[in-house]
Number of protein chains: 4
Amino acid sequence: MGSFPGHALPGSFFLCVGLWWGVKSSLWHLTRKNKSSGSTRLPSRVTQRRLEIIESSVILFLSVVGMVAEQFANSGPQLQLYDAERHWKDLMNWQHCTMYLFFGFAAAVSLIVHSSAAAPLPLDRLVLCLAFFNEGFLFLYHLHGRSLLDVTLHQLLLYPVFAQALVAFLEVFHRGNVILELMRSALTVLQGSWFWQIGSVLYPPWGPHWDQDDHSSVMFVVMCFSWHLMVSLLWTGMIYGIVNWVVQARLKRTPPMEMGLLSKTRDQESEDEAF
Amino acid sequence: MGSFPGHALPGSFFLCVGLWWGVKSSLWHLTRKNKSSGSTRLPSRVTQRRLEIIESSVILFLSVVGMVAEQFANSGPQLQLYDAERHWKDLMNWQHCTMYLFFGFAAAVSLIVHSSAAAPLPLDRLVLCLAFFNEGFLFLYHLHGRSLLDVTLHQLLLYPVFAQALVAFLEVFHRGNVILELMRSALTVLQGSWFWQIGSVLYPPWGPHWDQDDHSSVMFVVMCFSWHLMVSLLWTGMIYGIVNWVVQARLKRTPPMEMGLLSKTRDQESEDEAF
Amino acid sequence: MGSFPGHALPGSFFLCVGLWWGVKSSLWHLTRKNKSSGSTRLPSRVTQRRLEIIESSVILFLSVVGMVAEQFANSGPQLQLYDAERHWKDLMNWQHCTMYLFFGFAAAVSLIVHSSAAAPLPLDRLVLCLAFFNEGFLFLYHLHGRSLLDVTLHQLLLYPVFAQALVAFLEVFHRGNVILELMRSALTVLQGSWFWQIGSVLYPPWGPHWDQDDHSSVMFVVMCFSWHLMVSLLWTGMIYGIVNWVVQARLKRTPPMEMGLLSKTRDQESEDEAF
Amino acid sequence: MGSFPGHALPGSFFLCVGLWWGVKSSLWHLTRKNKSSGSTRLPSRVTQRRLEIIESSVILFLSVVGMVAEQFANSGPQLQLYDAERHWKDLMNWQHCTMYLFFGFAAAVSLIVHSSAAAPLPLDRLVLCLAFFNEGFLFLYHLHGRSLLDVTLHQLLLYPVFAQALVAFLEVFHRGNVILELMRSALTVLQGSWFWQIGSVLYPPWGPHWDQDDHSSVMFVVMCFSWHLMVSLLWTGMIYGIVNWVVQARLKRTPPMEMGLLSKTRDQESEDEAF
């Protein structure tokens with residue numbers, strides 16, 4: 001992955017996932033909040049479950065594609081761990097494969113949790129926590145013998161990754177807390193945009209190359225990370241605002257007469273919030 | 001900011017904020033506690049909300065002033081990140097700007113949370129947590145190549161800063177817990193008084209200069225930090241005591257006859273404690 | 001224990017305990033979940049308590065055997081701490097003894113907790129937490145002056161050990177949470193399989209020896225640890241699936257007529273979930 | 001305090017406090033548990049409050065004595081921080097004074113909390129947490145330039161100290177949890193016995209002196225710390241057992257007829273558990 005596209009690709013993936021999680025969390029939160037005011041036009045529990053299944057299927061599919069690409073693309077290891085002289089071979093590709101494997105596993109478990117009643121509900125957050133933890137864990141031992149700037153850039157990546165793991169773990173106990181869900185969304189956007197930043201600093205596709213051992217550059221990227229955090233927060237806030245505006249617009253057009261129908265389905269709808 | 005006023009200014013700011021938070025938290029706690037004994041003379045929910053809006057506006061205003069001052073005061077970067085030869089320029093000022101930016105953002109979010117019903121209530125604590133975290137994060141990478149005493153003084157500053165972030169994060173889940181609120185107030189006072197201490201040790205406006213690499217001085221400033229903590233605790237306790245005394249005095253002067261009126265507004269008043 | 005069997009033995013022990021905990025947690029969770037559908041064929045509270053007592057007795061017995069073996073096997077210290085010239089002697093054996101001692105203590109406390117009503121119920125998790133903490137604590141100071149690969153392998157062992165301590169501590173406050181119980185089971189399986197891995201890397205019973213200071217080997221074992229984590233999660237998931245399948249099969253054969261009988265015993269059965 | 005008595009004195013103090021806390025926690029827990037079985041012979045809420053006040057007064061008194069002794073005993077600093085040539089003087093004594101100051105402050109706050117209704121109840125645990133945190137914080141910066149064995153011995157002391165701070169902080173949110181209270185008692189006993197161990201290793205009052213830089217000695221003291229932990233747990237368990245036995249004995253002698261009287265005072269008695 002020592003290239004600009006190699007960082008831009010996962011970056012784009014996390015940006016999309018973060019955006020989607022922001023929309024989803026805002027929508028479910030506002031649906032729950034406005035349930036009493038007669039909201040047959042808002043998505044129901046069945047729609048929620050269907051969307052979770054689609055989301056998990058897409059992530060599972062992309063993870064498998066990622067794993068296959070890492071193994072069999074132009075110079076991949078093709079499922080071989082060491083060469084004829086018993087030296088380790090293409091460990092980078094194997095590490096990226098392992099990361100994809102955990103995200104694929106998290107998606108598969110989420111698929112089982114939401115499509116059947118067999119597994120306990122908070123399991124989807126726990127496996128998500130483990131997928132992010134595993135990503136951070138592999139990055140942690142990934143930084144041996146690189147330049148100061150390179151190490152700093154990747155260390156900063158560990159902040160959102162481990163924070164995502166922590167937030168997902170807290171969600172095991174505080175499921176449906178909108179603050180935590182929006183936090184997770186913002187951190188995913190941050191991780192995605194920071195991947196782009198890493199790629200553009202280490203392998204600038206345009207403009208001059210950076211001095212890899214200048215301490216001022218390190219100070220700048222640290223501050224730059226703060227700006228990315230700020231942008232990801234503003235972005236998530238904007239998403240929430242737009243969804244809120246759409247929901248309010250739909251509610252105004254709905255006549256408030258189907259209260260009786262709603263109250264019947266309420267128990268069923270709230271079943272996954274209660275855990 | 002390598003000067004005495006450069007440390008005394010933020011110090012004074014945090015001292016004022018800490019004092020105000022102490023008064024506010026004590027007052028709301030004692031208002032809730034004495035609600036049943038007929039307290040029409042105590043501030044109502046509407047007053048609380050109005051005060052939150054004023055507080056947020058003042059902090060937002062001061063943050064903007066701080067940012068403008070850092071950029072355009074006598075030798076500021078004037079929104080330029082690098083000079084003609086592409087060397088980073090005035091990164092210190094940019095870092096301080098970034099800190100102000102996060103506090104301003106926290107104030108703006110708090111303003112939205114308390115003036116409309118759109119955003120979820122605990123969001124104001126989360127953004128406060130992030131503002132303090134960001135401050136500590138930038139200070140953490142701020143200490144490269146300084147003297148032992150300088151590094152120790154700034155490392156000690158990280159204790160109250162990260163503790164404030166932690167307390168604000170806990171308040172997301174335990175909103176209205178008076179212990180946490182008073183703790184946050186005391187830590188803010190501690191941060192403010194420690195800024196003064198840093199300024200007076202590194203850039204003594206009077207008296208002799210300190211030996212920057214003497215290990216005894218390091219041992220002394222560590223102990224001195226404990227004393228600041230003790231003073232900030234005593235200070236917060238005194239504030240609580242004074243507010244308690246004022247509230248009790250007002251309650252004695254109020255005739256206990258308007259019980260009926262109060263019970264009507266109770267549900268409405270407790271809405272923000274429930275979250 | 002500097003040998004392959006010396007690592008395979010505790011590894012096998014933890015694999016068995018992890019397997020058993022997986023079965024137990026799944027079974028109790030599914031019993032609680034299916035209580036309402038008339039489950040006289042599922043194990044009752046009395047069976048649960050009896051199984052806890054058997055489990056604790058077995059662990060206590062094995063711990064005592066382990067301690068005796070460490071002290072009196074071929075070259076053990078035979079309860080002597082130093083030799084005639086006052087040099088410390090066989091500290092390794094003493095350390096392993098201390099680890100067994102804590103696990104034996106945890107088992108003994110669990111025995112008291114489940115066989116009498118004298119001690120508070122969550123105590124069994126606290127002593128389990130302390131037993132794992134103690135294991136990790138001793139390993140932490142165990143790594144002085146070894147090769148890079150050796151240190152890395154043992155440091156990775158600390159992840160499941162301290163995670164088990166953390167999960168057991170959380171169970172003091174969230175008793176009966178199936179997510180935490182399955183997590184603990186998976187971490188125990190991970191610890192067991194990693195013990196096998198350590199033994200087979202440092203003292204390979206077959207095949208060539210590893211280069212102890214090659215950085216690629218370190219990178220490989222880190223990734224290998226991720227694979228062990230994945231396998232332990234899949235394994236625990238499989239256990240849960242099998243137990244679920246067995247429970248569903250038994251429930252189908254049970255006629256749903258003894259509802260009245262069940263509701264009488266419900267209060268009694270749920271007493272240990274309430275804490 | 002570089003002497004055997006200088007370590008034995010605080011050690012004995014913590015042993016006594018740990019013992020007392022064990023008795024108190026066990027007694028209150030068993031009183032609450034057996035309330036329904038007619039327990040007029042068990043201590044009432046008023047007795048509890050009175051004991052808390054006595055406890056706080058004793059600790060406050062001892063802290064003041066400790067501070068005065070550190071300042072004015074044979075070679076103390078007599079309230080002077082630096083000598084005529086502006087060199088820091090007797091910083092050790094000042095540090096110990098600061099530790100006593102925080103414990104005295106915690107006792108004073110506890111006195112106010114339990115003798116009046118002005119302060120919020122969980123404050124006594126928060127100040128206790130801060131007193132232990134401050135002790136650990138000062139020890140942390142206390143270890144500069146000592147021998148390996150000395151540093152290890154004092155680092156191990158930080159485990160119980162910071163664990164006590166953590167447990168006291170958790171008690172702010174989980175007040176009256178007997179597991180946490182017994183844990184705090186056991187950790188206090190551990191701290192006390194470890195102070196004795198430090199004194200007897202560094203300044204052996206009898207027997208030969210230890211080799212301060214032998215790595216085997218470091219390994220031994222680490223294991224020895226585990227044994228102290230085990231002994232403190234067994235000790236606390238024994239205290240709980242004895243108190244349980246005494247309470248059961250008293251309950252048997254009490255005729256179960258005053259049920260009516262008890263139910264009247266129940267609400268009042270449980271007021272401090274609710275927080």
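Trp235(A) is partly exposed, with a relative accessible area of 35%; the classes are buried for under 20% relative accessible area, exposed for over 50%, and partly exposed in between, with a 1.4 Å probe and protein chains only. This residue of the predicted model lies in helix α7 of chain A, where helices (H or I, at least four residues) and strands (E, at least two) are DSSP runs numbered from the N terminus. Trp235(A) contributes to a nonpolar surface patch of about 600 Å², together with Leu19(A), Met238(A), Ile242(A), Trp245(A) and Val246(A). Patches consist of residues with over 30% relative accessible area and no salt bridge, like charges being joined within 9 Å and nonpolar side chains (Val, Leu, Ile, Met, Phe, Trp, Tyr) within 5 Å. Accessible areas come from the Shrake-Rupley method with a 1.4 Å probe, and for residues only the protein chains shown count as cover. Helix α7 (residues 215–253) of chain A gives the most to this patch, with 5 residues.

Residues are numbered from 1 along each chain as its sequence is written, while chains are lettered from A and ligands numbered from 1 in the order in which they are written. As the model is predicted, local features need pLDDT of at least 70, side-chain atom pairs count only at pLDDT 80 or more, and totals for chains, interfaces and linings use all residues, whereas side-chain values use heavy atoms, with hydrogens and water left out.

The mean pLDDT of chain A, pLDDT being the predictor's confidence in each residue from 0 to 100, is 86, and 89% of the residues of this chain reach 70 or more. Over residues 258–275 of chain A the pLDDT is below 50, and this stretch has 20 contacts in the model beyond near neighbours in sequence, a contact being heavy atoms within 4.5 Å. Where pLDDT is low, the predicted coordinates should not be read in detail.

The unreviewed UniProt entry annotates residues 12–30, 93–114, 156–173, 185–206 and 218–247 of chain A as "transmembrane region"; such annotations may be inferred rather than shown by experiment, and the positions are given in the numbering used here, with feature names shortened. Within the model, residues 218–247 of chain A are 100% helix and 0% strand, with end C-alpha atoms 44 Å apart. For residues 185–206 of chain A, the corresponding values are 82% helix and 0% strand, and the end C-alpha atoms are 30 Å apart.

In chain D, Val231(D) is located in helix α7 (residues 215–253) and counts as exposed at 55% relative accessibility. The C-alpha atoms of Val231(D) and Ala186(D) are 9.1 Å apart, and the two residues are 45 residues apart in sequence.

Across all chains, the whole structure contains 32 salt bridges, each defined as a side-chain nitrogen of Lys or Arg within 4 Å of a carboxyl oxygen of Asp or Glu. One of them joins Glu55(A) to Lys24(A), with the closest N and O atoms 2.8 Å apart. This pair links distant parts of the chain, since Glu55(A) belongs to helix α2 (residues 45–72) and Lys24(A) to helix α1 (residues 4–33), 31 residues apart. Glu55(A) is buried at 13% relative accessibility, and Lys24(A) is buried at 10%.

In chain B, the side chains of Glu171(B) and Arg125(B) form a salt bridge of 3.0 Å, N to O. Helix α5 (residues 148–173) of chain B holds Glu171(B), and helix α4 (residues 123–140) holds Arg125(B), 46 residues apart. Glu171(B) is buried, with a relative accessible area of 0%, and Arg125(B) counts as buried at 9%.

In chain C, Glu181(C) pairs with Arg125(C) in a salt bridge whose closest N and O atoms are 3.2 Å apart. Glu181(C) lies in helix α6 (residues 178–202) and Arg125(C) in helix α4 (residues 123–140) of chain C, so the pair ties together parts 56 residues apart in sequence. In chain A, a network of salt bridges links Asp124(A), Arg125(A), Glu171(A), Arg175(A), Glu181(A) and Arg184(A).

Ser25(B), in helix α1 (residues 4–33) of chain B, is buried with a relative accessible area of 3%. Residues up to four places away in sequence aside, Ser25(B) touches Val178(B), Glu181(B) and Leu182(B). Pro43(A) occupies the loop between α1 and α2 of chain A and, leaving aside neighbours within four places in sequence, is in contact with Leu27(A), Trp28(A) and Thr31(A).
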